[in-house]
Amino acid sequence: ANAMSLLIPYVLLAVLQWTVVLRHYLPKAAWWPFMSGAAYGLWLVAMLVLYRIEQSNRSDFLLQPYREGFTYGLSIGLFQWLVIHRDNVIENALWWIPVNIIAYGLGFEVAGYFYDLSKPTNYDAGGSLDQLVLFVGAILASLIIGIITGTAMTWLLQDSLPKKKGFDPHK
């Protein structure tokens, strides 16, 4: 139930990305929120499969934060790449996939580190200090992901849009 409850914020973020930025530069990117939601669904299925494998092997090798991030980055990168490449003809769009793998891998690893730090201690036992540590970890992870993917999208757009007929970046 917790993982499914994150679907709504992920799709809302994708709607915000499309509304604020992408629709102005990529007229055929309306599928962005839908593909982002589908990517999240695929990632959840992959996590369930990996969880089952780990449970049967009594191992925790597969489900490490960076591996979960890599898996999510691959899923979101691939599905969003389909949008920016297929109809919008963004040159070098294939870079969007490894950029997302790296961004989410690093972001999930940072979040996982702060999650481990927030585990109840003898001093705070799950109280406000632990919640603050989780919050800081979530903010840092989000910043890492946002800076990496935002920089990459800016590069992809700047690299491709001036070559399109009639594009004026100063309008």
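A: The model is a predicted one. Helix H4 holds both Tyr 66 and Phe 70, which are four residues apart, or about one turn of the helix.

From helix H4 the chain reaches helix H5 through a loop, and Asn 92 lies in that loop. Asn 92 is not a glycine, yet its phi is positive, at about 65°. Most residues other than glycine have a negative phi. The relative accessibility of Asn 92 is 35%, so this residue counts as partly exposed.

Helix H5 itself covers residues 96-117. Its 22 residues, at 1.5 Å a residue, should span 32 Å, and the distance of 31 Å between its end C-alpha atoms agrees with this. Buried residues of H5 include Trp 96, Asn 100, Tyr 104 and Phe 108, as well as Gly 105, Gly 107 and Gly 112. The partners against which the buried residues of H5 pack are helices H2 (7-25), H3 (32-57), H4 (65-86) and H6 (128-160).

Gln 80 is buried, because its relative accessibility is 5% and the limit for burial is under 20%. Beyond its neighbours within four places in sequence, Gln 80 contacts Gln 17, Trp 32, Ser 36, Trp 96 and Asn 100.

The aromatic pairs of the model number eleven. Trp 32 and Trp 96 form a tilted pair, with 6.2 Å from centre to centre and 50° between the planes. This pair joins distant parts of the chain, since Trp 32 belongs to helix H3 and Trp 96 to helix H5, 64 residues apart. The pair of Tyr 66 and Phe 70 is edge-to-face, because the planes stand at 75°, with the ring centres 5.7 Å apart. Further along H5, the buried Tyr 104 and Phe 108 belong to a cluster of ring pairs that also takes in Tyr 40, Trp 43 and Tyr 72.

Helix H6, one of the partners of H5, contains Ile 139. Ile 139 is partly exposed, at 41% relative accessible area. A nonpolar surface patch of about 730 Å² includes Ile 139, together with Leu 129, Leu 132, Phe 135, Val 136, Leu 140, Leu 143 and Ile 147.

Key: Residues are numbered from 1 along each chain as its sequence is written. This is a predicted model: local features need pLDDT of at least 70, side-chain atom pairs count only at pLDDT 80 or more; totals for chains, interfaces and linings use all residues. Side-chain values use heavy atoms; hydrogens and water are left out. Helices (H or I, at least four residues) and strands (E, at least two) are DSSP runs, numbered from the N terminus. The expected span of a helix is 1.5 Å times one less than its number of residues. Buried means under 20% relative accessible area, exposed over 50%, partly exposed in between (1.4 Å probe, protein chains only). Contact means heavy atoms within 4.5 Å. Patches are made of residues with over 30% relative accessible area and no salt bridge: like charges are joined within 9 Å, nonpolar side chains (Val, Leu, Ile, Met, Phe, Trp, Tyr) within 5 Å. Accessible areas come from the Shrake-Rupley method with a 1.4 Å probe; for residues, only the protein chains shown count as cover. A salt bridge is a side-chain nitrogen of Lys or Arg within 4 Å of a carboxyl oxygen of Asp or Glu. Rings of Phe, Tyr and Trp (its six-membered ring) pair if their centres lie within 6.5 Å; planes under 30 degrees apart count as stacked, over 60 as edge-to-face and the rest as tilted.
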